[in-house]
Amino acid sequence: MSKRLDQKLARIRNGQYTPKDFIIADAKDADMANGCKTAGLQKDSEGQSSGRYNPIKVYRDDMLKIMESNLVDIMLTSLSTAEILTQQGAYANTEITPAIRLNDTTDIWVGRGASYSSQPALPFRTARLDRVKPVADLGLYAITFYNDLQQDHRTLEAYARFRDEASAQGVRHFLEVFNPQTHVVTPGADFGSYNNDAIVRCLAAVSRHDRPLFLKAAYNGPAATEEIASYDPGNLIFGILGGSAGTTRDCLELIRQAEKYGARVALFGRKIYFAEDSVAMIKAMRRTIEEGLDSVEATKAYHADLERVGVRPLRELTADLELTEEVLKAGLG
């Protein structure tokens, strides 16, 4: 029997989408980027930092808590974590689909003192697909476009080799397209338009047997999101990535705007893990989409949830109602 993810994707492709079909993925793959700082700083009972980082068990325990809540559709992890969760039987009786980060390009190598993200990404893969398949048949592959011929050609060649190997191993994938962390010049067009064209062009000749199940990309505003989400919705399902933690309203306004303009998937990491209560945050995300709340109402409801369970908020409500991301301010209305 197919899992909830596949059922939702089928309805989305068939034009039967309702807000209850919106797909939420928890991105718990930060150990492939952050190293020892993955699980965040240890804090005392007063919420003060000790200056030391949590062991990864804290991070994995949060995965188990979220999986127990049954509020997400995908749990994205590193291969090593997926093997441990599988050994523990975490996926045995759940509708949540396990997924593995399948490549780790150099722009996500962001450990303490690292400067790799200041340079264009080099293709790189650690996970072997023959080791992935026993624990998950779905994974994430990430690329970045720079409008640089040699760089982008190298990226697309690596992606083509990956697709061939994934097809041979029977591993499905979804495609993440980052915004570059370095400045990119796109003469005569804004970056969102350039990126949309680059995405569509790179997938146009890819067979349905090898295509990504859906896209995950940065939110580049209403116009760019609506354009790519409406381009070929039965064949190219668009989703958004979360970015930095930000305020609660940042998180809920992002998911509200993205869904409004056609996104059908959200894959958030820091916005979930670094919230006061990860399960309460996902409930707030679901509430925003399924009940049609605006981000102000949803943020207030989230604070009320925290108060009910006795969790101290990181910010006073007034501060948590602020929008700090310019792209979200521009999309209000």
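This is a predicted model: local features need pLDDT of at least 70, side-chain atom pairs count only at pLDDT 80 or more; totals for chains, interfaces and linings use all residues.
Trainee: How many salt bridges does the count come to?

Mentor: Side chains of opposite charge can pair when their charged atoms come close. A salt bridge here is a side-chain nitrogen of Lys or Arg within 4 Å of a carboxyl oxygen of Asp or Glu, and by this rule the count comes to 23.

Trainee: Which residue forms a salt bridge with Asp6?

Mentor: Asp6 pairs with Arg172, their closest N and O atoms being 2.8 Å apart. Asp6 lies in helix H1 (residues 4-13) and Arg172 in strand E7 (residues 172-178), so the pair ties together parts 166 residues apart in sequence; helices (H or I, at least four residues) and strands (E, at least two) are DSSP runs, numbered from the N terminus.

Trainee: Is Asp29 buried or exposed?

Mentor: Buried means under 20% relative accessible area, exposed over 50%, and partly exposed in between (1.4 Å probe, protein chains only). Asp29 is buried at 9%, and Arg101, with which Asp29 forms a salt bridge, is buried at 5%.

Trainee: How many disulfides does the structure hold?

Mentor: A disulfide is a pair of cysteine sulfur atoms within 2.5 Å, and the structure holds zero. Cys202 is buried at 9%, and Cys251 is buried at 1%.

Key. Residues are numbered from 1 along each chain as its sequence is written. Side-chain values use heavy atoms; hydrogens and water are left out.
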